[in-house]
Each structure stands twice: as C-alpha cells, then as structure tokens.
Amino acid sequence: MGEQFVELILKLNGFVAIAAIGLIFVFLFKEGVQAFRTIPASHFIQTTEMDFDNTPQTVRMWQPVGTNPKYSLLPLFCGSMLVALPATLLATLFGVASGIYLAEVAGKRTREVVKPAIELVAGIPSVVIGFFCLAVLASLVQTAFQTTFRLNAVVGAIGVAFVIIPVIATMTDDALRAVPTHLREGAHALGANRWETIVRVVLPAGASGVTASILLGMGRALGETMIALMATGNAAQITANPFASVRTMTATIAAELGAVPQGGEQYRALFLVGSLLFSLTFLINLFAEIAVARMRKRLAL
Amino acid sequence: MKGTAIRLGALTLLLGITPPGSWVLAGDTITVKGSDTMVILGQRWAEEYMKQHADVTIQVTGGGSGTGIAALINGTTQLANSSRPIKEEERAAAKKNGIEVVEFKTALDGLAVVVNSANPVNELTMAQVGKIYSGYINDWKQVGGTGKRILRYSRESNSGTYVFFKEHVLLNRDFAADCQTMPGTSAVAEAVAKDPNGIGYGGVAYFSGNPQLKVLKIRKEAKTEAVSPTDKDGRPNYEAVWSGSYPIARYLYVYSAGQPREAVKTYLDWILGPEGQAIVEKIDYIPVKSTGAGTSR
C-alpha cells in the first residue's frame, strides 16, 4: 500500500515535467502563430521599402517600433548563432579536454577536488559573468584583436563558454567513465600507451556521449540570456564577423517583452522569436538524447 | 500654506456634500492616461500630489499618446498625457462627442547629441545627425572629423527617447542595423565616454559634467546658427530650448476634457506651479518657461 503510494507520487512527478513542457510548447506557439495574422509571413525574412531617392530596397531588419515596423528574424538568428557557435567551439576545446583529464588521467584524489571545482563554475550567476565580460573582458578583447566594436559576439561567446564548459566537462567525464574497463585493459594488453588508449579506444567508444555533451552545451548556449544581453552590444545586424555587435534572440525577448502591450503585434512577434528559439533548443536536445541512446546501445549498458 | 488651504477647502467641500461616514471613499479620483514617455513623470506628480492631498486619488496609466487621446475623445479619461501635439482630426472627433479639448504644455524634453571629447567634431546639422543614425553617413570624415568609422549608440525601441529621435531626427527612417542598443541613457554616456568614435543621444543632464564627453552644437538648417543644449557650465540651456533655437526638443502635453474644474484644475495648477515643475527638473526634463498657473495654449 505505502509503496504503491510512493510509486504513484513519483510517477505523477514524471508526468508533471512532461505536461509542463507540453504546456509551454502550446503557450508559446499559440501566441507566436498569431503574429501571422497581422504580419505577412515573408516579413519575417525581409520587407521592401523606398529609400531616400525612392528606389525600392530590400530590408532585412528587426526594428519593431516605427511607422513601418520591421520583423525580420534573420538578424536575431544570425546573432544567436554568432554567439552560440564560437561559445560551443571554445567550450568544446576546454570542456572535452577537462572531461578526458577527469575520466582518464587524474588520480582519485585530484579528481575529487577538480570535479567539484568545475561544477562550482556552473554555479556562478550568469549576471556576474555578464558583468565581468562587460567591464573587463570587453576591453581586453578590444586591445588584443583591435576590434571596432568594444562589445561584440566574441566577448559574449567567451562569457557563455564559461557557463557551458562545466556542462560539457562533467558530461564528457560521465560518458568516458561509462566506457567499460575491459576495453582499456585490452588496449594496454596490445601495447598501447595511455595516450593511444584514450585517442584510439576510449574516445571512439564514448564518442556519442561526448557529442551529446557538446550538443547539450550548445542548447544551453543558445538559451543564455543575461550574458548575451550585457556583453554583445545588441545591434541587430546580419554579419559573419564575430567581432561585430550582435543581438541574440534571447536578448531581444528579454529587453523588449517587458515593455510591449500584451496581445499587440510586437508582443506576438516576440513570442514567435521564442517559439523559434524553443524549437531550436528542443531539436538540439533531441539529437543529444539520440546520441546518448546510441552509445548505451553500442556499449550494451 | 497654499497646499493646506486647498486641502482644507477640499475637505469642507467634501464634508458638505457627502453624507458623513462615506466621505473617505468619496474623495476625487482623477484618471490620467497616455504617453509612455510621460508615465514616470505623471506618476511622480501623482505620488507627490497625493501625499499632499490625501483626499484625491490619481490613477496614471500608459499605453501611448494616441491611446490617451483616444480615451479622452471617448470620455473614458479626464486627462491625457501626450508627448506629441493633438491632431486636428482628434480635436474634431472630440468636439463631435461634445468634448472640448484643452491643451497644457507641462514640460519640455530636450535631447543632446554627444560624442567623445577626443572627437574633433563640435557641431552637426539636424540632417547630418539623421543621416548618421540611419546609416547614410558612416565615417567621421564626412562631417569634418578624422577618417574613422562612426559607432552609433542608441536606446531600446521601447524608450520614448528612441521614438522621439526616430520621428524628429531620423524623420521616421530606420535606425542603421549596427546601432548598439543600450539599456539607458547613462549606459549610452558610459559607452561614448569609452569610445573615441562613438556618438550617442539622450537627456542633457546625463551628459553634462562628464569630462570624457562632448555635447554637440546642433544646427537646425545648414545655414542657421549652431546651438548647444548646455550653457558654459554644462547645465541644460533652458533658454535655447524655450526659444526653439535648439531643435531637438519637444513639449510634453497634458490634455483635459473641457476646461478643467475643481480637483482637476487644482491638480493642473499644481503641475504648472513651482512644485510640479520642480519634479519636472528632478527627472531631467526641462520646465516650461512660464511657471504661472493655467498656461493653456
């Protein structure tokens, strides 16, 4: 009787999580889709407008306030990518390396100190990291790379990397430690040294898990708001230059949603941005789950 | 003294016309609706006024100047805040509903254009500022400076400053995509102070007194005199704004449905009087020139 009751409660908790995700999905999309009622779908890519000498010009711009509001999602998407991709790249380098160190190289004692320390980094409030980027890092980056914009995508990306390095490091560590010991022993028996064992045996065996950690890190990077808002300069431009100021989807929502009239055109457009962001991170997380499942299957865990 | 007199007057009036016991609830309620730019100003006025006049309740809501004026026309608000003058058709629509709209200029909003003190440029025309911010002028060399790319600092699109600048300086053109959006005018000041190629805009008071910043003189037309929004000591140049020789300024209006009477009149007189105007100055707007009561158009 008591056991069944506890079981039921646990089951309910599990379903609450699923229901919550479902409801968020419905809520976001219900509002977001309504944007299409007043804004033509093509305007989320580009609009045409007369310029100074009355020649029609294609405009791809996010500028929702004005006589002729612009709702192109391209600059925001571009901004998010320009922050998330370099951040993921950076965090992969450092995160996977420290994951390998933790799982394969570090002794038990060191591991007990280093792993909690890395996890502690994850506990730093992102507003603190954002402030550090804004006040200190931005100037360092500007002097080092002679950038035109003091606040730019790279400054934001370095900040975001701080947040996701612990995610990638701990998950890589977990993935590599899940690789059965007999594979390592086999490699050693065949005369492989430690480095060869790691690169040729352990990493390939745990590759899906490592991939999953990187993907999850990237999902987190796309969703990071505070650092993006504080350190990227917030200029909604379409550019491939990582040293340019950009505006991410998250920063746009955070900065604009609070001050727009509920149910208005801009309000709905912002929900559409939210829907796009949610779909992106959802897909990325889905791929991560698939990668983990594949690794489990391969290693027959 | 005056405040006490009004309070006593209002109190006796209330006691006289309402049955005892319900007079606490029967105090006057003034509804104010309109300009989002003026919400903070409107709320400060209301807070301070209600502190002094416990019998009056003032409800201030935003929604935009147009929303406020529409509510005035429909008779759902007594006062409308507006950061733009009422349009003729709005006045006519109100008349149709039997409402005569009365205008009060309650404050002035003047915006300064600012660059880093290392920048050799001292003045710009309105047209140049507009072209810089809309992305048609991109190098300081084009406006008499040294050959460096112009870095534009702007505000979030929900700020009234942004909207005013877009309407009056950019003439409704779009801001250039590379305008960096700052969360407030003090952030703009900080960014331009650090950036030798930066340009920013905002309320004069945010920029004066910072040695790393230079407030630009602005020419209305290419041939008119360049006017600074600050005086020699860096304080807001009220005269230049009042006379209209400094071009980036606007009135902040309060519109009333019909000639204001009783509680509404007392409130408006207070706004236009020294206490109301002191609040205007405190939140960095510019007081109207004549501080005498009842300066309707």
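Begin with two helices: select α8 (residues 194–223) and α11 (residues 265–298) of chain A, which pack at an angle of about 165° with their axes 8 Å apart. Helices here are DSSP runs of H or I with at least four residues, strands are runs of E with at least two, and both are numbered from the N terminus. Axes are lines fitted to C-alpha atoms, for helices over the stretch in contact, and angles run from 0 to 180 degrees between N-to-C directions. Angles over 145 degrees count as roughly antiparallel, so that is how α8(A) and α11(A) lie to each other.

Now show the side chains where they touch. Among the contact residues are Gly206(A), Leu215(A) and Gly219(A) on α8(A), and Leu277(A), Ile284(A) and Phe287(A) on α11(A). Being in contact means having C-beta atoms, placed from the backbone, within 7 Å. By class, this contact has 13 nonpolar, eight polar and one charged residues. Nonpolar covers Ala, Val, Leu, Ile, Met, Phe, Trp, Tyr, Cys and Pro; charged covers Asp, Glu, Lys and Arg; the others, Gly among them, are polar.

A word on what you're looking at: this is a predicted model, where local features need pLDDT of at least 70 and side-chain atom pairs count only at pLDDT 80 or more, while totals for chains, interfaces and linings use all residues. Residues are numbered from 1 along each chain as its sequence is written, and chains are lettered from A and ligands numbered from 1 in the order in which they are written.

Next, click on Ile164(A). Skipping its neighbours within four places in sequence, you'll find Ile164(A) in contact with Ala87(A), Ala91(A), Gly217(A), Arg220(A) and Ala221(A). Along with Cys133(A) and Val114(B), Ile164(A) has the most contacts inside the largest nonpolar core, a set of 152 residues. Such a core joins buried Ala, Val, Leu, Ile, Met, Phe, Trp, Tyr and Cys residues through C-beta atoms within 7 Å; buried means 20 or more other C-beta atoms within 10 Å of a residue's own. Select helix α6 (residues 153–177) of chain A too, as its 17 residues are the largest share of this core.

Colour by chain now. Chain A comes to eleven helices and four strands, and 40% of its 301 residues count as buried. Chain B comes to eleven helices and twelve strands, with 43% of its 297 residues buried.

Last stop: where the chains meet. Here 19 residues of chain B are in contact with 24 residues of chain A. On the chain B side, α6(B) gives the largest share, three residues.

Conventions
Buried ≥ 20, exposed ≤ 12 C-beta atoms within 10 Å, placed from the backbone. Contact = placed C-beta atoms within 7 Å. Parallel < 35°, antiparallel > 145°, perpendicular 65-115°, else oblique.
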